[in-house]
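Biologist: I would like to learn how to read a structure like this one. Can we go through it feature by feature?

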Amino acid sequence: MRRYLDDATAEHAEAMAAWRERRAEAREIKDPKERAAALEALMGERPTHPCLAGISLAAIGRGNRRMLAPIKARHKEAKASHAEALTVWRDRRAKAGEIKDPEQRAKALDELKGERPTSPLLVAAGCTVVAAVVVWPMLHGHHAAILAGGLTLWVLAALIVGQDSRDMASKTTANPEVGEPDPDDGEWIQEAPAQDVLWALIRHTASLTKQGTAAHLQAVLDEGQKRGQFDGWDVTDLGDELAALGVRVIEKKKLTIGGKDRTRKAVLLSDLPEADPAPVPAIVHSAPSAAAKSAA
């Protein structure tokens with residue numbers, strides 16, 4: 001790790017020297033408009049220090065999603081279990097309502113009232129309130145400092161967990177001692193496809209709609225995963241990738257697919273950069289994975 005940081009620092013110093021030379025040349029341009037345009041373009045090309053690499057809102061958001069994923073999965077299971085138990089309870093209530101004897105019917109319905117399954121959201125809310133009531137007096141007036149420290153630790157943890165596998169791949173290439181990410185690890189996300197392949201997938205997906213002017217992000221993922229792309233990706237990951245490439249994402253776009261109207265996050269073909277046509281990858285899976293279908 002130390003050797004990687006030393007090499008990265010040396011590369012940054014070299015890149016910084018070259019950038020400063022280009023900035024000095026831009027400042028010598030006599031035309032004010034051209035000079036301003038050249039300096040403005042250089043501002044976006046300033047090399048990032050290796051200690052600051054990977055720090056972005058996208059990484060924090062990705063880390064939050066990954067840390068909350070187990071909680072969301074557990075809540076989803078609890079919600080499904082509650083729905084099943086509630087269905088059984090309603091069947092029992094319907095049968096109790098069919099009892100002809102008024103006293104027995106009233107008794108059966110009264111007993112069922114105390115057996116109604118409790119929503120997991122109410123259980124979680126109750127536990128949170130009880131924990132807050134118990135813990136809050138124990139903070140002894142240091143509430144602000146503890147809350148700020150906890151929030152800071154959470155953001156740092158999200159930043160570490162949210163590092164993109166592409167960054168890890170570049171570090172592994174630079175430092176062979178660092179292990180490659182394990183595809184069996186739940187945090188592993190496949191690298192993004194090449195830009196020309198990404199644009200081709202988006203245009204192909206848009207061609208499957210009646211309008212032909214945009215593509216839903218989920219549909220792009222489905223088409224890509226059938227072709228061996230976007231393994232482990234969700235709609236948010238694709239949105240982050242498009243944002244990093246400077247492509248706008250529409251929050252809600254109505255498109256007709258297979259005769260059905262759907263409103264989802266989408267990307268407009270008019271927002272894609274001009275590029276030479278690229279072939280769409282061949283299908284390697286007959287259908288997208290179940291995880292892809294259940295994504296947002």
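Biologist: Let me start with one residue. Is Glu 115 buried, partly exposed or exposed?

Modeller: First, a caution: this is a predicted model. Now the general idea. Under 20% relative accessible area a residue is buried, over 50% it is exposed, and in between it is partly exposed. Glu 115 has 40% relative accessibility, so it counts as partly exposed.

Biologist: Which residue forms a salt bridge with Glu 115?

Modeller: Look for a side-chain nitrogen of Lys or Arg within 4 Å of a carboxyl oxygen of Asp or Glu. Here the partner is Arg 92, with the closest N and O atoms 2.9 Å apart. This pair links distant parts of the chain. Arg 92 sits in helix α3, while Glu 115 lies in the loop between α4 (102-113) and α5 (120-135). They are 23 residues apart. Arg 92 has a relative accessible area of 42%, so it is partly exposed too.

Biologist: How many salt bridges are found in the whole structure?

Modeller: The search gives 8 salt bridges. One of them joins the side chains of Asp 237 and Arg 65, at 2.9 Å from N to O. Asp 237 belongs to helix α10 (residues 235-244), and Arg 65 to helix α3 (residues 57-97).

Biologist: Is Asp 237 buried or exposed?

Modeller: Apply the cut-off again. Asp 237 has 9% relative accessibility, so it counts as buried.

Biologist: And what is the distance in the salt bridge between Lys 254 and Asp 261?

Modeller: The closest N and O atoms of Lys 254 and Asp 261 are 3.9 Å apart. Lys 254 is exposed, at 52% relative accessibility. Asp 261 is partly exposed, at 49%.

Biologist: Which residues do salt bridges with shared partners join into one network?

Modeller: Trace the bridges from partner to partner. You reach Arg 65, Asp 237 and Asp 240, joined into one network.

Biologist: Now the surface. Which residues form a negative patch?

Modeller: For a patch, look for like charges on the surface. Asp 6, Asp 7, Glu 11 and Glu 14 form a negative one. Take Glu 11 as the example. Its place is helix α1 (residues 2-27). Glu 11 has 56% relative accessibility, so it counts as exposed.

Biologist: Let us go inside. How many residues does the largest nonpolar core have?

Modeller: Think of a core as buried nonpolar residues joined through their side chains. The largest one here has 19 residues. Those with the most contacts inside it include Leu 198, Trp 199, Ile 202 and Phe 230. Leu 238, Leu 242 and Val 267 are also among them.

Biologist: Which elements give two or more residues to this core?

Modeller: They are α8 (195-207), α9 (217-225) and α10. Helix α8 gives the most, with 6 residues.

Biologist: Where is Ala 158 found?

Modeller: Ala 158 is in helix α6 (residues 143-161). At 0% relative accessibility, Ala 158 counts as buried.

Biologist: Last, the overall view. How many helices and strands are there?

Modeller: Count 11 helices and 3 strands. From the N terminus, the order is α-α-α-α-α-α-α-α-β-α-α-β-β-α. Of the 296 residues, 27% are buried.

How values were computed: Residues numbered from 1 in each chain as written. Predicted model: local features only at pLDDT ≥ 70, side-chain atom pairs only at ≥ 80, totals over all residues. Heavy atoms only, no water. Helix = DSSP H or I, 4+ residues; strand = E, 2+ residues; numbered from the N terminus. Buried < 20%, exposed > 50% of the residue type's maximum accessible area, 1.4 Å probe, protein only. Patch = residues over 30% accessible without salt bridge, like charges linked within 9 Å, V, L, I, M, F, W, Y side chains within 5 Å. Areas by Shrake-Rupley, 256 points an atom, 1.4 Å probe, with all protein chains shown as cover. Lys, Arg positive; Asp, Glu negative; His and termini not counted. Charge placed at Lys NZ, Arg CZ, Asp CG, Glu CD. Core = buried A, V, L, I, M, F, W, Y, C linked by side-chain atoms within 4.5 Å.
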